[in-house]
Amino acid sequence: MNKKTLLIVAVSILVIAIIGITYLLLAEKQTNRELVQEFQLEKEDLESEYTQFAQQYDELKMTVANDSLATLLDREQMKTQRLLEELRTVKSSNATEIRRLKQELASLRKIMIGYINQIDSLNRLTVQQKQVIADVTQKFNAASRQISNLSEEKKGLSKKVSLAAQLDATNIWIDPRNKRDKKVKKVKDVVKFAIGFTIVKNITAETGERTLYIRITKPDNDVLTKNPSNTFAYENRTLGYSIKKYIEYKGEEMPITVFWSVEEFLYAGTYRVDIFADGTLIGSQPFTLE
């Protein structure tokens, strides 16, 4: 195969790779956009349930002749309306706060059941008032079923959003280098590793300081580390790491380069670099030394 043919093949492979990467990035962006829209709709459903629940207090108070009980119902109704206002100010992507407000609503439902039981025990209600209580209870049960369904759907959405919010490392490369900082292949010439990768853009990922752990594993699966105490948590166990890197992630694409000084005995074979963030493996790349 002549040089011209090799060049054509290389260019073709490069073009195909660029097309593939572009397609994956566009698909990821579309998926993230759909998740955000889906999460917004679920938040709006929860707001609707809160609004209906607050209105049920008005219907329930119509059946109450006891001033003390009416005062307690007013207090719970105000609490419901306050929580509704909190929900309206919560970002759709804030799964933790939405989960808290959902739990608050569950507590309010239990309190209302207690009030319904108290009203029934007073035995001073007219037939019309009892019918109102029955209507409120029916609406409450319907709302409870809707909230229960929303809870299950929210769990699935939270899992999807959690996966979508994870960091991802791509374009991983490893350069074994000699004393003159030149890339080499022979294990006897290696004095350090230069490791580079790109943290991809992710609009659903949380911004701020993040910690990356890079593991360099020898062919026998022994990890290169300077200190046995250099460990991090991963899937209910601890793993040793080679390099720890702090970054300030802003949701945009971020190139990273780290270095490892070789002070250990190395031998020929296939090595591997694994990259972890937030307790998750976000990238892996093997490389070979001769």
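Analyst: Ser-242 touches Ile-214, Arg-215, Ile-216, Val-223, Leu-224 and Trp-260, when residues up to four places away in sequence are left aside; contact here means heavy atoms within 4.5 Å. The model is a predicted one, in which local features need pLDDT of at least 70 and side-chain atom pairs count only at pLDDT 80 or more, while totals for chains, interfaces and linings use all residues. Residues are numbered from 1 along each chain as its sequence is written, and side-chain values use heavy atoms, with hydrogens and water left out.

Ser-242 belongs to the loop between β5 (238–240) and β6. Helices (H or I, at least four residues) and strands (E, at least two) are DSSP runs numbered from the N terminus. Is Ser-242 buried or exposed? Ser-242 counts as buried because its relative accessible area is 7%, where buried means under 20%, exposed over 50% and partly exposed in between, with a 1.4 Å probe and protein chains only.

The side chain of Ser-242 takes part in two polar contacts with the backbone. A polar contact is a pair of N or O atoms within 3.5 Å; within protein, one must be able to donate a hydrogen and the other to accept it, and residues adjacent in sequence count only if both atoms are side-chain atoms. A polar atom of this side chain lies 2.9 Å from the backbone nitrogen of Ile-216. The side chain of Ser-242 also reaches the backbone oxygen of Leu-224, at 2.4 Å.

Four strands form an open, antiparallel sheet in the order β6-β3-β8-β9, and two strands are taken to pair if DSSP finds at least two bridges between them. At the edges stand β6 (243–249) and β9 (280–289), each of which pairs on one side only. From one strand to the next, the twist averages 20°; axes are lines fitted to C-alpha atoms, for helices over the stretch in contact, and angles run from 0 to 180 degrees between N-to-C directions.

Strands β3 and β6 are joined in the antiparallel sense by 7 bridges, and the partner of Glu-209 in β6 is Glu-248. Strand β3 (residues 208–217) also pairs with β8 (residues 269–277), antiparallel and over 6 bridges. In that pairing, Tyr-213 has Phe-276 of β8 as its bridge partner, and Leu-212 has Ala-277. Because 8 of the 10 residues of β3 are buried, the strand is largely enclosed by the rest of the structure.

There is also an open sheet of 3 strands, antiparallel and ordered β1-β2-β7. Its edge strands are β1 (169–177) and β7 (254–261), each pairing on one side only, and the twist averages 15° from one strand to the next. Strand β2 (residues 192–199) runs antiparallel to β7 and is joined to it by 8 bridges; in β7, Ile-256 is the bridge partner of Phe-197.

The largest nonpolar core has 31 residues, of which Phe-193, Ile-195, Phe-197, Ile-199 and Leu-266 touch the most other members. Such a core is a set of buried Ala, Val, Leu, Ile, Met, Phe, Trp, Tyr and Cys residues joined through side-chain atoms within 4.5 Å. The elements that give two or more residues to this core are β1, β2, β3, β6, β7, β8 and β9. Ile-195 touches residues including Ile-214, Ile-216, Ile-243 and Ile-256. Among these, Ile-214 and Ile-216 are also touched by Ser-242. A second, separate core of 16 residues includes Tyr-57, Leu-73, Ile-98 and Leu-105.

Met-78 lies in helix α2 (residues 67–89) and counts as exposed because its relative accessibility is 57%. Of the 290 residues, 38% count as buried. Among contacts with a separation of 6 or more, 70% join residues 24 or more positions apart. The accessible surface comes to about 17500 Å², of which 53% belongs to carbon and sulfur atoms; accessible areas come from the Shrake-Rupley method with a 1.4 Å probe, and for residues only the protein chains shown count as cover.
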